[in-house]
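Please consult the sequence and coordinates shown below while reading.

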Amino acid sequence: MLWGDEVEYLVVTYSKDDPRVLLSLRQADILKALANDESLSIDGGCVPDLQHVGNPHAKKQLPVFHPEFGRFMLEATPGKPWGIDFKELLNVEPDMKLRRCIAKDHMLQNEYPITLTTFPRLGSPGVFTDPYYPVSGPKLRSQFVPDEIANPHIRFPTLAANIRSRRGRKVQVNVPVFRDEKTPWPWKDPTVNYDMHQWPEDDDVRNGAAPDNFIHMDAMAFGMGSCCLQITFQAKNITEGRQMYDQLSPLGPVMLALTAATPIYKGFLADTDVRWNQISKAVDDRTPEELGEKPLKNDRWRIPKSRYASNSTYISTDPRLRPEYLDPNLVIDQEIKQQLLDGGMDDRLATHFAHLFIRDPIVIFNEDLQELDLSKTDHFENIQSTNWQHMRFKPPPADNSIGWRVEFRPMEIQITDFENAAFAVFIVLITRAILSFGLNFYIPIVKVDENMETAHARDAVLDRKFWFRRNPFPVRPSRAVQGSRPASGASTPNGGVSRPPTPPTPTGPVEDEYRLMSVNEVINGTAYARSSSTTTVGDGDEDEEEFPGLIPLVESYLDSVNVDVVTRCELATYLDLIRKRASGELWTTAKWIRHFVATHPKYERDSVVTEEITKDLVGAVIIIGGDDASQQGVEDNGIKDENSNKKRKGDGGHSVLEGVPDLGRLLGRFI
Ligand code: ADP
Ligand code: MG
Ligand code: MG
Ligand code: MG
Ligand code: MG
Ligand code: MG
């Protein structure tokens with residue numbers, strides 16, 4: 001059971017002499033430097049720095065760096081997927097630190113890799129990239145970002161241009177603005193230029209593309225320029241892969257809300273906390289007919305969602321998957337489905353693939369159209385990789401035996417590697433608990449869609465409720481669950497799992513199987529939620545049956561397997577972060593960023609995040625996220641950080657970073 005994480009970075013330039021922090025567009029040079037570094041292939045410049053955090057694999061498995069859509073982005077994965085051993089889970093955080101350190105080592109003195117989901121002033125008037133390029137280019141035709149913002153590899157600008165041309169106008173990424181005390185209301189995005197006449201698309205804003213009270217953006221880069229944290233799991237076979245895909249699907253929106261980290265767009269505070277819908281809109285290539293704005297004439301279907309969206313169907317052969325959970329209005333290509341059925345594929349999986357194939361390929365290389373090579377899966381991968389859903393079912397490519405994989409994609413990237421490791425490890429552990437206990441999180445897939453919307457609300461983690469299954473236990477509880485129940489009850493505040501599960505009636509009304517729960521209830525269980533009162537949505541309704549909570553389920557699972565004490569204690573620090581984020585004891589990244597802006601002396605309560613605020617925010621993020629190697633550079637660049645070299649975990653805990661406010665509210669463990 002291999003698995004692997006992906007971490008995405010923004011590359012910024014920061015120095016004390018420059019009043020602005022900028023996006024560095026040197027992705028290609030940085031990747032080239034990484035690829036050409038022979039010393040890196042031997043031991044990596046950063047390995048000695050990491051020995052004290054005990055990564056035994058550091059020398060053998062150097063991380064892999066990948067290009068991304070934005071020319072200011074990088075992606076890094078472990079050099080080799082992680083294995084099944086619990087001790088491996090402790091290598092994730094050091095490996096993430098190693099990646100950050102190696103990346104920094106191949107950048108200029110004033111460049112830093114940071115893990116913010118979005119650059120706060122991407123697309124703001126003035127200069128936000130280094131080097132500067134003027135708008136507007138023939139590919140994006142954006143009035144806010146230059147074409148040079150995208151990775152220059154022909155695939156990326158072509159993707160953007162083809163989405164725009166298929167759609168017949170520019171993409172429209174409108175995010176509600178956060179209304180503060182002094183925000184003019186109704187609010188008109190002051191950065192929109194109504195007088196441009198360079199491209200036909202310049203008419204978009206004159207035709208109402210930029211409504212009042214919304215931050216208006218008009219290019220793929222505003223979505224695909226965001227960073228996230230993705231986890232890919234190998235399944236032991238296709239059946240298990242299909243089960244994992246289904247069972248992790250309902251967790252997506254909850255994890256999106258819990259990892260919320262995106263409160264700023266284009267220099268303004270937004271009224272939403274997460275990136276998801278913005279990416280969705282930024283790559284929405286649907287035509288007016290597909291959108292339902294015009295009667296169907298040339299197109300085949302009305303399509304309710306963008307090609308970047310929460311997934312729309314379940315695929316498992318699990319008998320607990322009731323037909324009522326599926327969306328009766330799912331759009332599929334019937335001919336493709338029939339072809340797949342004729343080839344021997346079962347109905348559910350054929351439906352899944354026939355749904356992916358309602359999308360046109362947006363980029364195809366000429367060479368791939370010369371002849372059809374049936375020994376390759378490139379054409380499939382082309383459709384698959386531009387169906388950006390919150391789960392991805394990854395069949396093995398034709399040319400290797402990598403296995404059936406499932407990718408969990410909704411989570412927002414966090415500022416520190418500690419947090420990113422915590423969320424990665426949590427998803428690994430809950431996946432293992434699902435498989436080991438046979439847990440059942442099915443709810444109707446349209447309720448997952450609804451939850452995805454809910455996750456966008458400001459502070460959804462505390463203020464909103466999500467549809468979730470009442471009873472996650474299998475009809476007949478497995479021996480493992482029964483056996484571990486007493487232990488987990490004891491180890492859980494208020495005996496979260498102590499109540500015996502009532503087997504659901506598989507034939508009862510589907511509506512009775514799920515109800516609204518807070519993130520606190522889902523993650524920590526109803527009993528814990530009642531006792532931790534930070535949340536604002538009435539937790540733990542007395543009349544409701546108890547929900548055990550995902551963390552208690554993970555703890556039951558850990559109780560049921562052999563984990564050494566040291567590993568268990570380390571894992572506990574990760575679970576603690578998740579627990580406290582869900583209960584509100586710790587802040588989400590979004591909340592911390594909002595607080596940083598709100599308390600900045602130059603903030604004028606008008607929703608505007610100025611260059612100066614952005615510089616200070618990114619400066620703080622560099623300090624918090626940086627490892628020792630990049631700390632060196634930070635000091636050279638004038639960020640005050642007296643304690644940075646002592647902030648490792650396990651060094652006594654006295655490591656509050658001077659000058660970074662409220663770090664304890666974000667991370668808990670540094671105070
Ligand atoms: P993509 O961008 O298509 O999602 P990447 O190659 O960037 O794919 O990342 C995939 C992740 O999957 C990496 O973390 C990698 O370590 C991991 N991985 C590689 N092989 C396997 C495997 N057989 N099973 C599970 N995970 C794997
Ligand atoms: Mg990747
Ligand atoms: Mg990718
Ligand atoms: Mg990526
Ligand atoms: Mg991925
Ligand atoms: Mg760190």
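Is His352 buried or exposed? His352 is buried, because its relative accessible area is 4%, where buried means under 20% relative accessible area, exposed over 50% and partly exposed in between (1.4 Å probe, protein chains only). This is a predicted model, in which local features need pLDDT of at least 70 and side-chain atom pairs count only at pLDDT 80 or more, while totals for chains, interfaces and linings use all residues; side-chain values use heavy atoms, with hydrogens and water left out. Residues are numbered from 1 along each chain as its sequence is written, and chains are lettered from A and ligands numbered from 1 in the order in which they are written.

**Overall chain**

- The protein chain contains 25 helices and 17 strands, these being DSSP runs (helices H or I, at least four residues; strands E, at least two) numbered from the N terminus.
- Of the 671 residues in the protein chain, 62% are buried.
- The accessible surface of the protein chain is about 25500 Å², and carbon and sulfur atoms account for 51% of it; accessible areas come from the Shrake-Rupley method with a 1.4 Å probe, and for residues only the protein chains shown count as cover.
- Among contacts (heavy atoms within 4.5 Å) in the protein chain between residues at least 6 apart in sequence, 75% join residues at least 24 apart.

**Surroundings of His352**

- Helix α12 (residues 347-356) contains His352.
- Beyond its neighbours within four places in sequence, His352 is in contact with Tyr245, Thr313, Ile315 and Phe393.
- The C-alpha atoms of His352 and Lys337 are 8.7 Å apart, with a sequence separation of 15 residues.

**Ligand 1**

- Ligand 1 is surrounded by 16 residues, of which Asp5, Glu6, Glu75, Lys394 and Glu407 are the closest; a residue is near a molecule if one of its heavy atoms lies within 4 Å of it.
- By class, this shell holds 6 nonpolar, 4 polar and 6 charged residues.
- Polar side-chain atoms approach ligand 1 from Glu6, at 2.9 Å from an oxygen atom, and from Gln234, at 3.4 Å from a nitrogen atom.
- An N or O atom in the side chain of Lys394 is 2.9 Å from an oxygen atom of ligand 1.
- The protein buries 75% of the 570 Å² that ligand 1 exposes when taken alone.
- Two or more shell residues come from each of β1 (3-13), β4 (73-77), β9 (229-234) and β15 (405-408), and β1 gives the largest share, 4 residues.

**Magnesium site**

- The magnesium ion (ligand 5) is coordinated at 2.0 to 2.6 Å by Glu6 (OE), Glu6 (OE), Gln230 (OE1) and Glu407 (OE).
- Donors here are N, O and S atoms within 2.8 Å of the metal (3.2 Å for Na, K and Ca), and sites may look incomplete because water is not among the atoms.
- Because Glu6 lies in strand β1 and Gln230 in strand β9, the pair ties together parts that are 224 residues apart in sequence.
- Glu6 coordinates both the magnesium ion (ligand 5) and the magnesium ion (ligand 2), which are 3.9 Å apart.
- Glu6 counts as buried at 14% relative accessibility, as does Gln230 at 8%.

**Helix α15**

- In helix α15 (residues 445-454), 7 of the 10 residues are buried, including Ile445, Val448 and Met452.
- Elements covering the buried residues of α15 include α8 (252-258), α9 (276-282), α16 (460-463), β16 (465-469) and β17 (514-518).

Key:
Polar contact = N/O pair within 3.5 Å; in protein donor to acceptor, adjacent residues only side chain to side chain. Nonpolar A, V, L, I, M, F, W, Y, C, P; charged D, E, K, R; others polar.
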